[in-house]
Amino acid sequence: MNRVITEDPSKRTPLILGGHDFKGISDLVVKPIEAKAPKWWHIALAFSFSLLMLLLSMIGFLIWEGVGVWGLNNPVSWGFAIVNFVFWVGIGHAGTLISAILFLFRQKWRTSVNRFAEAMTIFAVICALVFPGIHVGRVWVAYFMFPIPNQMSVWPNFRSPLLWDVFAVSTYFTVSLLFWYVGLIPDLAVLRDRAKTKIKKVVYGIFAMGWTGGNRAWQNYERAYLLLAALAAPLVLSVHSIVSFDFAVSQVPGWHTTIFPPYFVAGAIFSGFAMVVTLMILARQLFGMKDIMTMHHLECMNKIILATGTMVGYAYGMEFFTAWYSGNEYEAFAFVNRAFGPYAWAYWIMVSCNVLFPQLFWFKKVRTSIPAMFVISIIVNIGMWFERFVITVTSLSRDFLPSSWGYYSPTWVDLCTFLGSFGLFFTLFLLFLKFLPMIAISEVKGVMPEAHAHDHEAKEGH
Amino acid sequence: MAEVNKLNGFLEKRFPKIALVVGIIGICGAIILGREDSTQFFYSYLVSYLFFLTISLGALFFVIIQHLTRAGWSVGLRRIPEHLMANLSLMAVLFIPILLGLHDLYHWSDTAEVLHDALLLKKAPFLNVPFFIVRAVLYFASWIWLARFFFKNSTDQDKSGDKGLTLSMQKVSAVAILIYALTQTFSAIDWIMSLTPHWFSTMIGVYIFAGGILTSICTISLIALLLRRFGYLRETINVEHYHDLGKLIFGFVIFWAYIGFSQYFLIWYANIPEETEWYLHHISGNWNTFAIFIIVFHFVVPFFLFASRHAKRNLKLHTGVVLLLITMHFFELYWVVMPNFSHHGIHVSSLDFLCFLGIFGIYTSVLFFRMGKFSLYPLKDPRLKESQDFINH
């Protein structure tokens, strides 16, 4: 058999290009922190910050006026706030998947991406937490969501999945933050050691917690990292499963379906990875990190987007089939209504963005084309936002009783609040890019050939 | 590394023959006793059949996913799942009795009854005998094609060492996973969910998949341990590989519980009669005790036993956990299928044992007979060295 061998399966794609040595890697990653911030960064920060101010003023207006300023009505009592919450939590899934699950699966390519994705995760979860917090109506008693002992003996309803959300998301946030921070410690020490001003030295020094890079320190560090990864891995599944319970435990047709937990998790990873790809393309271009975040990394990311996108498509298909197979007219109506009812426009945006466009990643040409993947990654996130919109709104707007059907549309406050949440996200993200290393310096060095004891022997041909 | 790569002696010659005799005795016994109670026979047969089918299907998935992810660690042990999935052709033959027992197993196949049942009438375009058979043919055709493709390329590589074979398997694996997902799901709907034809759950495909892949990895581990006992593959499959298999087993124990819990929990919480029906049947009488027994020994016990690194690397303990999980998979399928027949509690029949023995004997015999004809590990796979060299830090 004469086949053209395009690649040698016994060799692995190199993860770092450009022939850097260890010092070269440190210099490259630390450069954006040590050099003066470029002009575009200031402009972007100013823009994001003004959007953040928009968010804050919308929240202020909401608290002043009440939830009536939103487009919620009867029967659609869950609108943009829940949609945005699920959207942002979903985006916040990529980081922990990359850092924990890919770590356990020994996927070494994750080292160039994990820091970046973890930071994004944390900021996305912060954006997510804003929405249920302001949706409660009387924000000043939002602390009732926590089971704090009090003289009034008022306890949250432990049987409500909304309360489980409070625990699930806050646990996820805490563990993700710890994981991110533990990973940062050796790199913070690098920044401390290289610092040229007193303030920088002190601040980075405090957060580096006296890291010396000694053998014992590394041993403890590796152990802590493994344990945190093991703790974080089930959280990747649990958070979005519980978010899906918000819908699926109910009896509303279109919400109550048993595949929801894994389907939501797949969708979350799908959207999270898309967001990472969008940001990675910009960052590697603007900061010159192409040798570390290579095309190989992007291709791996795109493959996961394709895989999870297909899983989401599978779930859509199963829901549709089962709605018919169940023989239950309400169930069947909910799905026909989605596809052909008043929200059909949203449904078809969702299907084309989530199921059709990512399928282009079957082609290596598309998978390795920067413009194509940039566009598709944005399309995916549009699609995933619409997925949550379709699920939340279509089922509520037309339930069992036709006499109580309604139509939901957002108000300007809804739209501005959503827009503003991007301001919060990007403000945090831009600050991260400027003040912390966007790539895990020590981990990247660990996957370079020089890190392995026999590398020089191999090079000399022994 | 000089390692014996061919079966010889007992495992090659006598073992497949003994297994075959056991299988024939089991099947004959089941047929003789089953003549008195054909429904019991077909139900007992279905449970054992599904047990071995899910193992072979899980193995097919395992092989596909290794190629899809270009895995290196698993190359040395990949021949074992390859043999397990090659048994899918045998499973197609063993499916014939189920077709003969359609009327005993699936009451939607009774046209007279369907006419009196509004729901079944609605489902008739999907749940009818001709379409059921067409679908079954389609599933087996795709599984056998996939299994043959991966088996043939992998064993051809033993001779030629052609790296291009690895590349073409990688290429096909992407399409294979799509075909697999759809056929596996719909076979679970056809053969398991439609036993209770009024009931429906979008999760059933994933649920059956989760149990199958878990048991399949356990079976891979068990066969490797058996071969090790007889002195084979002691270096190619070393403690690092058992550790990795152990991690996958641990992960899938959790995944299985996660899927099973989600399905139960959502139905319990919403409490809609057309869905709770299924669980009510499955917890009536002493089925309830049986269900708790499954939760404890299919999830809780292996979860705690296998959480530690030490346990995964201790081959004795490893064998114990793997055996426990394989047994529990049989009980789980028994619990899924049987309450449709014995509604008020467990009714153990000699046919349960005989059917299991029958399929077990034939399955094992074919497996080891084929194993004797090929190298025990992919001799010239380009990533074999990577697999033999890696260490869990």
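This is a predicted model: local features need pLDDT of at least 70, side-chain atom pairs count only at pLDDT 80 or more; totals for chains, interfaces and linings use all residues.
How much space lies in the largest cavity? About 90 Å³.

## Cavities and a pocket

The structure holds 10 cavities of 30 Å³ or more. Residues of both chains line the largest of these cavities. Chain A contributes A:H256, A:T257, A:T258, A:E319, A:T322, A:A323, A:S326 and A:E331. From chain B come B:F200, B:S201, B:T202 and B:E275. Helix α10 of chain A, residues 295-325, gives the largest share of this lining, with 3 residues. By class, the lining has 2 nonpolar, 7 polar and 3 charged residues.

The second largest pocket is another space to look at. Its volume is about 940 Å³. A total of 33 residues line this pocket. Nearest its centre lie B:L222, B:L323, B:I326, B:T327 and B:F360. Four helices of chain B each supply at least two lining residues: α2 (38-68), α11 (204-229), α16 (315-337) and α17 (350-371). The largest share, 9 residues, comes from α16(B). The lining of the second largest pocket divides into 24 nonpolar, 4 polar and 5 charged residues.

## Where the chains meet

How many residues of chain B are in contact with chain A? There are 56, and they meet 42 residues of chain A. Three residues, B:T202, B:Y258 and B:L266, supply 18% of the area that chain B buries against chain A. That is more than any other three residues supply. Together, the two chains bury about 4100 Å² between them. Of that area, 64% is on carbon and sulfur atoms. B:T202 also belongs to the lining of the largest cavity.

| Residue | Relative accessible area | Class |
|---|---|---|
| A:M384 | 0% | buried |
| B:R79 | 1% | buried |
| A:R106 | 34% | partly exposed |
| B:F369 | 52% | exposed |
| B:N271 | 52% | exposed |

Start with B:R79. This arginine lies in helix α3 of chain B, residues 79-86. Its relative accessibility is 1%, under the 20% cut-off, so B:R79 counts as buried. The side chain of B:R79 makes a polar contact with the side chain of B:E82, at 2.7 Å. A polar contact also links the side chains of B:R79 and B:D158, again at 2.7 Å. Residues up to four places away in sequence aside, B:R79 touches B:S154, B:T155, B:D158, B:F374, B:S375, B:L376, B:Y377 and B:P378.

A:M384 sits in helix α14 of chain A, residues 370-397. Why does A:M384 count as buried? Because its relative accessible area is 0%, and buried means under 20%. Beyond its neighbours within four places in sequence, A:M384 is in contact with A:G267, A:F270, A:S271 and A:N354. A:I349 is 35 residues from A:M384 along the chain, and their C-alpha atoms are separated by 9.6 Å.

B:F369 is exposed, with a relative accessible area of 52%. This phenylalanine is placed in helix α17 of chain B. That helix is one of those supplying at least two residues to the lining of the second largest pocket. The C-alpha atoms of B:F369 and B:F15 are separated by 8.6 Å. Along the chain, the two residues are 354 residues apart.

## Backbone features in loops

Which residues does a cis peptide bond join? The pair is A:N74 and A:P75, with omega about 20 degrees. A:P75 is found in the loop between α2 (39-65) and α3 (80-91) of chain A.

A:R106 has a positive phi of about 55 degrees, although it is not a glycine. The loop that holds A:R106 runs between α4 (94-104) and α5 (114-135) of chain A. A:R106 counts as partly exposed, at 34% relative accessibility.

B:N271 also has a positive phi, near 60 degrees, and is a residue other than glycine. Its place is in the loop between α12 (239-270) and α13 (273-282) of chain B. Is B:N271 buried or exposed? B:N271 is exposed, because its relative accessible area is 52% and exposed means over 50%.

Methods
Residues are numbered from 1 along each chain as its sequence is written. Chains are lettered from A and ligands numbered from 1 in the order in which they are written. Side-chain values use heavy atoms; hydrogens and water are left out. On a 1 Å grid over the protein atoms alone, a cavity is a set of points where a 1.4 Å probe fits but cannot get out, and a pocket is an open set with protein on both sides within 12 Å along at least five of seven lines; lining residues have an atom within 4 Å of a point. Grid points are joined across faces, edges and corners, and a volume is the space filled by probe spheres set on the points. Ala, Val, Leu, Ile, Met, Phe, Trp, Tyr, Cys and Pro count as nonpolar, Asp, Glu, Lys and Arg as charged, and the others, Gly among them, as polar. Buried means under 20% relative accessible area, exposed over 50%, partly exposed in between (1.4 Å probe, protein chains only). A polar contact is a pair of N or O atoms within 3.5 Å; within protein, one must be able to donate a hydrogen and the other to accept it, and residues adjacent in sequence count only if both atoms are side-chain atoms. Contact means heavy atoms within 4.5 Å. Buried area is the accessible area (1.4 Å probe) that two parts lose on being put together, summed over both.
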